[in-house]
Amino acid sequence: MTGGRGTTGLIVGAGILSAFQVGKAPLALEAVRADLGLSLAAAGWLLSAFAIVGAVAGMAIGLAAGRAGMRRLAVGGLLLQALGSAIGAGAGGAPLLLASRAIEGLGFLAVVVAAPALLAAITPAPRAGRVFALWSTFMPVGMTIILAAAPLLPVLGWRGLWLGNAALLAAYALVVALRTKGLSLPLPPEGMGADARETLARRGPWLLAGLFAAFCMAFFAAFGFLPTILGERLAVAPAAASLLTALAILASAGGNLFCGRLIARGWSHRGLLVIGFAAMAVCGLGIFTPSMPGAGAYVSCLMFSAISGLIPVVLFDAAPHYAPRPDRAAATMGLLMQGNNLGLLVGPAAAGLLAGSLGWPSLAALVAVVALAGITLAAMLPPRRAELSGGAKPSAAPS
């Protein structure tokens, strides 16, 4: 089954709108803290609660998607995010707000598990690399757009921002439901138990999940609090700090697209991962070292974002090759996104605890340790020749 560019754009758009829900928390962090009286550590959980469900149930969502259908999962995920955002807008304290973020996180997970599988089903093999590079931009593009809306925050308030996102998500869910009617994917013949056993028995999906966890933990440990950090380092207003953060995150999209070209030219997955993680470790020092001038810290943010943008493209591109069979791709993608959410859960929470007790410079050590773990996992991946043995058929994936 193939689809036109309009369908591809519609699916990527669902990811971009879902990324709004990640980016709105750092944008409104100071406003929420002031309104609800949250500590810095509690604010870290506001960023991390979004990922709680995905951190424990990512693969389960992928398995369920394999039975229920990716189209339904994508539409349902958008609606769940709308529900969570609407509930959060009315929260009078941290417990309900954190619970609403967990609901949003479940919907986010549903979309980001379903979308790559839909894209793989409708995209001809020669275009797959470019399409996955485009898909990988959903997070930086979405976060950039929502952070660029910082001037609207004083007008809308953080509650208005949450309600506006709920309305956008609900409307987009309706568009996706109507525009993808008739789009379906074949379901695996065996039950979920066989799907899980076959996927979990392979080393590749576990390594990819670990790599995504390391990437997200390091990235969001640095960028989850970036508007606050830049406001202090550059002595700028919150709106300006959010716009600077948006530009830094947008640099990641450039790295995503450039990585698609490198993969097409035969660069190894392992080499690109090592480059990305090494850049995170080095640039993390530039961001958080107090002796670094503010302008130098911001240049480090741009480099951190752009070069680390290689990592998610590699992981999305590699995932189908590590799936036991094409109809097992949903389970592998679910495990991959479980790693993503684990990193998103742990990264900001750990950063908030460390920064609250030891100060911002402690985050340089956190990022460096996590990046080193990512390099170690990357070294355990087989070389690209082994990844692609058997050509483009995911059924030839290595164990």
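## Salt bridges, a nonpolar patch and an enclosed helix

R33 counts as partly exposed because its relative accessibility is 23%; the classes here are buried for under 20% relative accessible area, exposed for over 50%, and partly exposed in between (1.4 Å probe, protein chains only). Before going further, please keep in mind that this is a predicted model, in which local features need pLDDT of at least 70 and side-chain atom pairs count only at pLDDT 80 or more, while totals for chains, interfaces and linings use all residues. Residues are numbered from 1 along each chain as its sequence is written, and side-chain values use heavy atoms, with hydrogens and water left out.

Let us stay with R33 for a moment. Its side chain meets that of E30 in a salt bridge, at 3.5 Å from N to O; the term stands for a side-chain nitrogen of Lys or Arg within 4 Å of a carboxyl oxygen of Asp or Glu. R33 and E30 are three residues apart in helix 1 (residues 5–36), so about one helical turn separates them. Helices are DSSP runs (H or I, at least four residues), as strands are (E, at least two), numbered from the N terminus. E30 is also partly exposed, because its relative accessibility is 37%.

How many salt bridges does a search of the whole structure find? There are four. Another of them joins the side chains of D35 and R159, at 3.1 Å from N to O. This pair links distant parts of the chain, with D35 in helix 1 and R159 in helix 8, 124 residues apart. D35 is partly exposed at 40% relative accessibility, and R159 is partly exposed with a relative accessible area of 27%.

Now turn to helix 5. Are R101 and E104 buried or exposed? R101 is buried, with a relative accessible area of 1%, and E104 is buried at 0%. Salt bridges that share partners join K24, R101 and E104 into one network. Between R101 and E104, the closest N and O atoms are 3.3 Å apart. Because they sit three residues apart in helix 5 (residues 94–122), about one helical turn lies between them.

Helix 7 (residues 138–148) is largely enclosed by the rest of the structure, because eight of its eleven residues are buried. The buried residues include F138, M139, P140 and G142, and M143, T144, I146 and L147 are also among them.

On the surface, L152, V155 and L156 form a nonpolar patch with about 300 Å² of accessible area together. Patches are made of residues with over 30% relative accessible area and no salt bridge, with like charges joined within 9 Å and nonpolar side chains (Val, Leu, Ile, Met, Phe, Trp, Tyr) within 5 Å. Accessible areas come from the Shrake-Rupley method with a 1.4 Å probe, and for residues only the protein chains shown count as cover. L156 belongs to helix 8 (residues 153–179) and is partly exposed at 45% relative accessibility.

Further along, A213 lies in helix 10 (residues 203–223) and is buried at 13% relative accessibility. Which residues is A213 in contact with, leaving aside its neighbours within four places in sequence? They are G339, N340, L342 and G343, where contact means heavy atoms within 4.5 Å. The C-alpha atoms of A213 and G347 are separated by 9.0 Å, although the two residues are 134 apart along the chain.

Our last stop is A235, in the loop between helix 11 (226–234) and helix 12 (238–264). Most residues other than glycine have a negative phi. A235 is not a glycine, yet has a positive phi of about 55°. A235 is exposed, with a relative accessible area of 68%.
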